[in-house]
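My entries follow in the order in which I looked things up.

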Amino acid sequence: STIVLLRRIAAPALALLAFTAFRRVIAGASISPVIYSIDNPFATIANSVARRLSLAKSALYHGYLIFWPFSLSADYSLECLTPVQSAWSPAGILVIAATTALAALVLADVLRTCLPRRYPRASRTASQIRFDSAGWAVGLAFVLFLPATNIFFYVGFSVAERVLYGPSIPLCVYAGSRLCARASIPRKVRRAALLLVLVAFAARTLSRCHDWRSEESLFKSALDVCPRSAKALANFASARVSRDPAGSKPLLEKALSIYRKDPTTWKNLGVAKYYLGDKRGALEAYREALRIDPGAAETWNNAAVLYQEANQFEEALQCYRAALRFAPSYSNALLNMAILLEQMSRVDEAAKNYERFVRMEESRGGVAMFRAGTMMMRQRRHEHAVQYLKRAVQLEPRDPASWGNLALSLSALGQIEPSLDAAAKALALDAGDQDVRRAVSIVKARAERLQDVSRRN
């Protein structure tokens with residue numbers, strides 16, 4: 001019987017090992033992931049016993065959510081679930097008892113499924129077949145949930161709804177098989193119970209979809225469940241910071257009072273202060289964010305904008321270069337740096353960065369080429385201006401300003417007919433724009449002068 005048992009266990013055990021190895025490869029077996037306490041506070045507990053009991057508590061909480069999903073949150077991070085302090089604390093004793101009982105139930109189900117039967121396989125009853133499927137369902141649910149248990153490697157969350165999607169399927173099979181196998185319960189009662197569970201969980205699914213209709217509503221629902229979650233506070237504030245900076249600022253400050261080492265929260269606090277006109281406070285928040293995470297390109301860009309607005313051009317240039325050093329494809333920082341170089345009268349450097357921006361993000365390249373062409377036109381380098389402005393109207397053919405400046409540069413080069421054509425297109429796109437009308441009048445005046453000169457000659 002021992003050999004038969006080992007044969008039955010061998011296949012699922014090998015499947016489990018293969019699945020774990022594959023999951024490890026995806027997660028990056030050669031790199032130790034950086035786990036922040038705001039994401040998974042249990043993984044960073046110094047005491048090994050308290051850490052393992054706290055992680056076991058999070059696994060048990062997953063089980064609670066899968067069977068009673070009526071208090072769901074988008075985030076269960078810092079200060080949402082309290083850690084277990086020791087094995088002898090009330091929480092520690094409860095976790096040990098619950099884990100032991102659950103492990104015994106799972107092991108009993110799996111062993112009963114794998115142990116050899118005394119009845120012939122062909123003569124099994126329907127209830128015995130359901131019992132077998134229930135045992136396999138428990139094993140499959142355990143295998144699917146195993147990567148999230150922090151046993152083999154730490155993960156970047158303490159509790160997450162998304163890791164319950166897979167295990168919920170075999171657990172539905174388990175619950176149905178168990179209920180149907182109860183011959184002592186009348187069939188009508190069993191069907192009524194299944195219908196009640198189906199309706200209740202379907203209704204909960206619909207209400208949860210309502211929470212997911214937007215980022216703001218999702219994080220608002222998270223705060224209803226975990227009002228002391230630093231990450232939920234920060235996410236809810238960041239979702240509305242541009243629309244309601246005054247309301248977002250106290251939420252971000254509350255999140256920082258719970259956990260002060262999150263660079264994203266500091267950056268969003270800087271954004272809120274910037275919108276509220278507190279540029280000095282915004283710069284201080286950006287500096288704190290960069291002290292925690294020096295590689296945050298977006299924060300470098302935000303700090304550079306503040307320096308640029310304060311006419312501290314060298315400091316701004318250093319910040320833009322830092323942003324591009326950490327994120328070479330960060331197009332917004334590249335465009336902003338090109339504008340800064342233009343302000344500093346470093347025309348050729350600015351033009352190169354405008355060209356680089358177009359290669360990086362052609363869909364927004366019309367703006368860059370317009371700025372480069374206008375810059376060259378102001379420098380009276382009309383040959384270069386025409387090249388850039390022709391590229392601008394190719395990328396944005398319905399931009400009247402590009403057509404107007406192209407007409408001015410062409411007329412300055414003495415190209416009368418092309419300049420008049422460009423001026424006509426600018427007028428056709430926006431005849432009411434004062435800059436366009438002024439450019440067209442200049443082009444027409446130049447054309448008349450050139451025509452007079454040619455007639456005299």
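**Whole chain**

I began with the contacts (heavy atoms within 4.5 Å) and found that, of those in the protein chain with a separation of 6 or more, 58% are accounted for by residues 24 or more positions apart. I note that this is a predicted model, in which local features need pLDDT of at least 70 and side-chain atom pairs count only at pLDDT 80 or more, while totals for chains, interfaces and linings use all residues. Residues are numbered from 1 along each chain as its sequence is written, and side-chain values use heavy atoms, with hydrogens and water left out.

For secondary structure, taken as DSSP runs numbered from the N terminus (helices H or I, at least four residues; strands E, at least two), I noted 20 helices and 0 strands in the protein chain. Of its 457 residues, 40% are buried, where buried means under 20% relative accessible area, exposed over 50% and partly exposed in between, with a 1.4 Å probe and protein chains only.

**H6 against H7**

I then looked up helix H6 (residues 187-211) and helix H7 (residues 215-225), which pack at an angle of about 115° with their axes 7 Å apart; axes are lines fitted to C-alpha atoms, for helices over the stretch in contact, and angles run from 0 to 180 degrees between N-to-C directions. From H6, Arg208, His210 and Asp211 meet Ser217, Leu218 and Ser221 of H7.

**Aromatic rings**

Searching the whole structure, I get 5 aromatic pairs, counting rings of Phe, Tyr and Trp (its six-membered ring) whose centres lie within 6.5 Å, with planes under 30 degrees apart called stacked, over 60 edge-to-face and the rest tilted. Trp68 and Phe70 make a tilted pair, 4.7 Å centre to centre with 55° between the planes. Phe70 also pairs edge-to-face with Phe201, at 6.1 Å centre to centre and 80° between the planes. This second pair links distant parts of the chain, since Phe70 lies in the loop between helix H2 (48-67) and helix H3 (90-114) and Phe201 lies in helix H6, 131 residues apart.

How accessible is Phe201? Phe201 counts as partly exposed because its relative accessibility is 30%; Phe70 counts as partly exposed at 35%, and Trp68 at 49%. Elsewhere, I found ring pairs linking Tyr61, Tyr64 and Tyr76 into a cluster.
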